[in-house]
Structures are given as structure tokens and as C-alpha cells.
Amino acid sequence: MGMLARKKSRSGSAQGGRSSCQAGCCSIGNKLLEDDKAAVAALESRSYTPILDEPYRWNSWAAPKNASGQLDHHAALTGDDLREFVNQRLFPYLKGFKQRASGPNTIEYKIGEIFSELSNKISSGYNLREIIDGLDGLRLRSQAEKHELSMLYEEKIKRMGNAGLNGGEHYTPRPLIRAIVQVVNPITGETVYDPAVGSAGFLCEAFEFMRKGGASGAELSTADLDTLQTRTFTGKEKKKPRLCDRDQEHDPARHRSTEDHPRQHAHREP
């Protein structure tokens, strides 16, 4: 079941705000990846083999700590050294997971797929250091804390979209997303696909709707939950080719209404 409605094409401007969001999200993902997996393994009393090699773990390159648990400023990269590490070593390493993965349903494949679409837009290693230091101080243990961070990110996207035609993102409010999900009424066993993922609002709300039993509110079985978590959701981030600044100034499409952009409408396959 494809499930996307009125997802509009993106503009390529507002690079400062978007770049900061992108850098922040990449860093948060790197920070949470090992922490969450290690915590789950500890709760289940089983050994855990880190996904990332030692040099690419958060506490190695981003936030090495001294004996007192504080940031070790002598070991932490900054400036040109940090930028070069991220651009020339970290991102290529993470992109390579896609080729090294055993299959598309593995976390390794997903890491590689995500980072194959990304590049570091923060040209200053000192600015990147400030972003990392701020993120390292965030507490992101509970689901409520992670949800709050997600809401902050979406609020940033919404403001960028409200800035104008080339404000960065065209944001779909969550109440509207929930209404669309309820109308489409996806059920366990169907596939939910978003061809223009953006911040994944449609996929997240579809997951919550289905996890709670959909329109019927029926309790899901363990098998249903496994299907929901591993074989239900897929998406693609469609990117609009960006014009150089000089071409944008003379591009008539830049001044058209967003109503001219093609739309995807909700539908269900037979």
C-alpha cells in the first residue's frame, strides 16, 4: 500500500538552517546507535558486539572523555582536523555499510543507505565542534526525550518552510498527517511506502496508528508486532536537483506557486 498525500517538492535554499539540522541529525544518529544497542543487550543479559569500529564510535571521535567523565579537549578533534575526519573518513566509512551488509533488512544496510544520500554541509570544523558539544550534553535515554527532540526538529523544518518558496522544507502538520492515516486505514500485513520521506512524519504516524490496532483498536500479537517493526515500512527521499545560485536567479520556476509542483495522492493497491 502506497500511502502519501500532497507531499511537495523541496527547495534547495536555506542551506544554513538545513545544514545545521542535517549535521545535528547525523551526529545524534551516531551517538544513539551504539548506546541503544548496548543498553538493550545489557537488559537482555547478552554480550554485544559494537556495529561501528572503534575509531568511528561517538566516544572516540566526537566526545572522548577523561577520567572524570568530562570532555577530553586534548583528544577531541576540532577545526580542520574534525572537518577532514568527518568528510574523508567517517562519512565514507558509514556509506560503505551498504556494500558490506548481508541484506537489505539489516541495520548495516540501513546505515549505508542513509549516509549514501548525505554529505557534511558544515564547512567550519569549529562550528561542527559546537554542534557536537551541544548534542553530547543532551539526555536522550527515554522515548519521551527522543520524541521531544523529534518535535523540535520538525518545528525547525516547519519554520524553514514558512520562510517562503525557497525556505527549505514544505512541512505537513501532524494533525493533517493523522487525519490522512485514519482515512487510508492501513492494516498489519500491508506495506506502507512513502516516496518522499522528508522527516518521516507519515511513516511515524502510520506506525503509531497500526501499533494501536488501527481503526478497530485490536491488540496486536507478537507476530503482528514483528511484522510491523521489520516488514511494513519503507520510503525514499526524493531530491530535487539543485541549480547554482546564478541559475536560480533567472529560473522562472523559482517564482511559481508551489501549487505547480506534482503531488502524490493517497491510494491503496488492490
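Q: At what angle do helix α8 and helix α9 pack, and how far apart are their axes?

A: Two packed helices are described by the angle between their axes and the distance between the axes. In this predicted model, helix α8 (residues 174–184) and helix α9 (residues 201–211) pack at about 55°, with axes 9 Å apart. Axes are lines fitted to C-alpha atoms, for helices over the stretch in contact, and angles run from 0 to 180 degrees between N-to-C directions. Helices (H or I, at least four residues) and strands (E, at least two) are DSSP runs, numbered from the N terminus.

Q: Which word describes how α8 and α9 lie to each other?

A: Angles under 35 degrees count as roughly parallel, over 145 as roughly antiparallel, 65 to 115 as roughly perpendicular and the rest as oblique. So α8 and α9 are oblique to each other.

Q: Is the crossing of α8 and α9 left-handed or right-handed?

A: A crossing is left-handed if the near helix is turned anticlockwise from the far one by less than a right angle, and right-handed if clockwise. The crossing of α8 and α9 is right-handed.

Q: Which residues in α8 and α9 meet?

A: Contact means heavy atoms within 4.5 Å. From α8 come Arg174, Ile177, Arg178, Ile180, Val181 and Gln182; they meet Gly201, Phe202, Cys204, Glu205, Ala206 and Phe209 in α9.

Q: Which residues touch the most other members of the largest nonpolar core?

A: In soluble globular proteins, nonpolar side chains tend to be buried together. A nonpolar core is a set of buried Ala, Val, Leu, Ile, Met, Phe, Trp, Tyr and Cys residues joined through side-chain atoms within 4.5 Å. Buried means under 20% relative accessible area, exposed over 50%, partly exposed in between (1.4 Å probe, protein chains only). The largest core here has 24 residues; Trp58, Trp61, Val86, Leu90, Leu94, Phe97 and Ile132 touch the most other members. Helices α2, α3, α5 and α6 each give two or more residues to this core. Its largest share, seven residues, comes from α3. Another core, of 14 residues, lies apart from it and includes Ile177 and Phe209.

Q: Is Arg129 buried or exposed?

A: Arg129 is in helix α6. Arg129 is buried, with a relative accessible area of 8%. Beyond residues up to four places away in sequence, Arg129 touches Trp61, Ala62, Leu71, Ala76, Leu77, Thr78 and Leu82.

Q: How many helices and strands has the chain?

A: The chain has eleven helices and two strands. Buried residues make up 36% of its 270 residues.

Q: What are the ground rules?

A: Residues are numbered from 1 along each chain as its sequence is written, and side-chain values use heavy atoms, leaving out hydrogens and water. Local features need pLDDT of at least 70, side-chain atom pairs count only at pLDDT 80 or more, and totals for chains, interfaces and linings use all residues.
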